[in-house]
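Dear colleague,

Please find below the structure that I am handing over to you, with its sequence. My findings follow it.

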Amino acid sequence: MRHRLGSALASLVVIAVLAGPAGSQQPAAPTHETRKVADNVYIFRHVGHQSMFVVTPDGVIATDPISPAAAKVYVEEIKKVTSAPVRYVIYSHHHLDHIAGGAPFKQAGAIFVAHQNAKARLAAINHPDTVLPDVVVDDAGGALTLGGTRLELHYLGRNHSDNTLVMLLPKERILFAVDWLPIREILFRNVPDSYMDEWFVSLDRVLALEWDRMIAGHPRQGGVGTKEDVRNLKQYMTDLREAVRQAADDGKCIDKAMQEVKLPKYEGWGRYKEFLPGNVERFCFYWRNGWN
């Protein structure tokens, strides 16, 4: 899919911090912000989610419209950066907390893109606020070229879902990856809707791509990571797998393992105490059912 036009990029607007409650000494955190990370690449954050958008002379490529409330703000933030229309909206995967806000983009004429499995899942869910993709890519992935900017869509296998796409800007060496590559943080709860054995394969595949910075789908731990963060995640998952394997061999899966397995090396990571037991539970199921 190729489009070529030409117009100027507007400057980034500074987002005002919302006022705190009456009498408070500390202002409340802003509900949203937009920040520039490269000449034509921006992060839009709304509360605990973030998306990437790319501005070109021919228009904008946006990712993950988050929610209906977020999308209204998202559209306005893009308008503060450029008058160019949003040409494409790309879904990272089918989970609604990241993509249910597409309506304003669709009404403005954007083309929606996702993995073919995401379209099938969204059609089955039939959520009223979620726009079905217009264009799908298969496991081979694809690419968009708009206004001289190339954005690659890579499907790296099943991990957090069976339809996750990562988006790579090869010139800028920036990757957008959602939910399955947390930055210095324990995996979410008991890692629902996941394929743990194949997740390791996806980690090797994303490390093989050429990129320097990764924009994550959540702003925690700064929201931007590196390959070192992915290598550290792989090491955490490897250490956890081996610790749980030993617990399974000792007949402790599931409840005792959830209580006893500790990985002190990662105590400084986000949500360690909160989510480690759930991570152990997920790995126990894999060992109990026969790890591939």
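Within the strand β11, leucine 168 is the bridge partner of glutamate 152. Please note that the model is a predicted one, and that the values below were computed from it.

The strand that carries this pairing, β10, runs antiparallel to β11 (residues 165-169), and 4 bridges join the two. Strand β10 spans residues 149-155 and is mostly covered, with 5 of its 7 residues buried. Strand β10 also pairs with β9 (residues 142-146), again in the antiparallel sense, over 5 bridges. One of the pairs here is leucine 144 with its bridge partner in β10, leucine 151. The hairpin of β9 and β10 has 2 residues between the strands, and glycine 147 takes a positive phi near 55° in this hairpin.

The largest pocket holds about 430 Å³ of space. It is lined by 25 residues, of which Asp179, Glu185, Phe188, His218 and Arg220 are the closest to its centre. Sorted by class, this lining has 11 nonpolar, 8 polar and 6 charged residues.

The second largest pocket has about 190 Å³ of space. Its lining is made up of Val75, Ile78, Lys79, Thr82, Ser83, Ala84, Pro85, Val86, Pro104, Phe105, Ala108 and Ala110. Two or more of these residues come from each of α1 (68-81) and α3 (103-107). The largest share, 3 residues, is that of α1. By class, the lining of the second largest pocket has 9 nonpolar, 2 polar and 1 charged residues.

With kind regards

Notes: Residues are numbered from 1 along each chain as its sequence is written. This is a predicted model: local features need pLDDT of at least 70, side-chain atom pairs count only at pLDDT 80 or more; totals for chains, interfaces and linings use all residues. Side-chain values use heavy atoms; hydrogens and water are left out. On a 1 Å grid over the protein atoms alone, a cavity is a set of points where a 1.4 Å probe fits but cannot get out, and a pocket is an open set with protein on both sides within 12 Å along at least five of seven lines; lining residues have an atom within 4 Å of a point. Grid points are joined across faces, edges and corners, and a volume is the space filled by probe spheres set on the points. Ala, Val, Leu, Ile, Met, Phe, Trp, Tyr, Cys and Pro count as nonpolar, Asp, Glu, Lys and Arg as charged, and the others, Gly among them, as polar. Buried means under 20% relative accessible area, exposed over 50%, partly exposed in between (1.4 Å probe, protein chains only). Two strands pair if DSSP finds at least two bridges between them.
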